[in-house]
Amino acid sequence: MTTPRGELSAVSFVDKVKNKVGELRGRGKEATGKATGNRDLRADGAGERGVADLRNAGEKTKDAFRR
């Protein structure tokens, strides 16, 4: 939802923050897995980052239609 001035609603902002946290958590897991040689942790991190990237793309699409 947008406000009359075109600003993002609180719900949209919270979703974007959650997506960014997921992306950063995935990057951290991926880096830790790479540093320790743990393939499972690295793959888990890459998966989390991928999901966050898809959600970010969805948010950007919604934003494009709101304006």
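Mentor: Helices here are DSSP runs of H or I with at least four residues, strands are runs of E with at least two, and both are numbered from the N terminus. This is a predicted model, in which local features need pLDDT of at least 70 and side-chain atom pairs count only at pLDDT 80 or more, while totals for chains, interfaces and linings use all residues. Residues are numbered from 1 along each chain as its sequence is written, and side-chain values use heavy atoms, with hydrogens and water left out.

The protein has 2 helices and 0 strands. Of its 67 residues, 18% are buried, where buried means under 20% relative accessible area, exposed means over 50%, and partly exposed lies in between (1.4 Å probe, protein chains only). Helix α1 covers residues 10–36, and its 27 residues should span 39 Å at 1.5 Å a residue, which agrees with the 39 Å between its end C-alpha atoms; the expected span is 1.5 Å times one less than the number of residues. Within α1, the buried residues are S12, N19, G22, E23, G26 and G33, and α2 is included in what covers them. Just after α1, G37 takes a positive phi of about 80°.

Turning to the salt bridges, I count a side-chain nitrogen of Lys or Arg within 4 Å of a carboxyl oxygen of Asp or Glu, and by this rule the count comes to 8. In α1, the side chains of K20 and E23 form one of them, at 3.5 Å from N to O, and these two residues lie 3 residues apart, about one turn of the helix. E23 also forms a salt bridge with R27, whose closest N and O atoms are 3.3 Å from those of E23, and this pair is separated by about one helical turn because E23 and R27 are 4 residues apart in α1. E23 counts as buried because its relative accessible area is 9%, whereas K20, at 42%, is partly exposed, as is R27, also at 42%.

In α2 (residues 39–66), E59 and K62 are 3 residues apart, and so about one helical turn separates them; their salt bridge has its closest N and O atoms 3.1 Å apart. E59 is buried, with a relative accessible area of 7%, while K62 is partly exposed at 40%. Elsewhere, salt bridges that share partners join R25, K29, D44 and E48 into one network.

Leaving aside residues up to four places away in sequence, E48 touches G22, R25, G26 and K29, a contact being heavy atoms within 4.5 Å. The side chains of E48 and R25 are also joined by a polar contact of 3.1 Å, a term for a pair of N or O atoms within 3.5 Å; within protein, one must be able to donate a hydrogen and the other to accept it, and residues adjacent in sequence count only if both atoms are side-chain atoms. The C-alpha atoms of E48 and N19 are separated by 9.8 Å, although these residues are 29 apart along the chain. Across the protein, 45% of the contacts between residues at least 6 apart in sequence join residues at least 24 apart.
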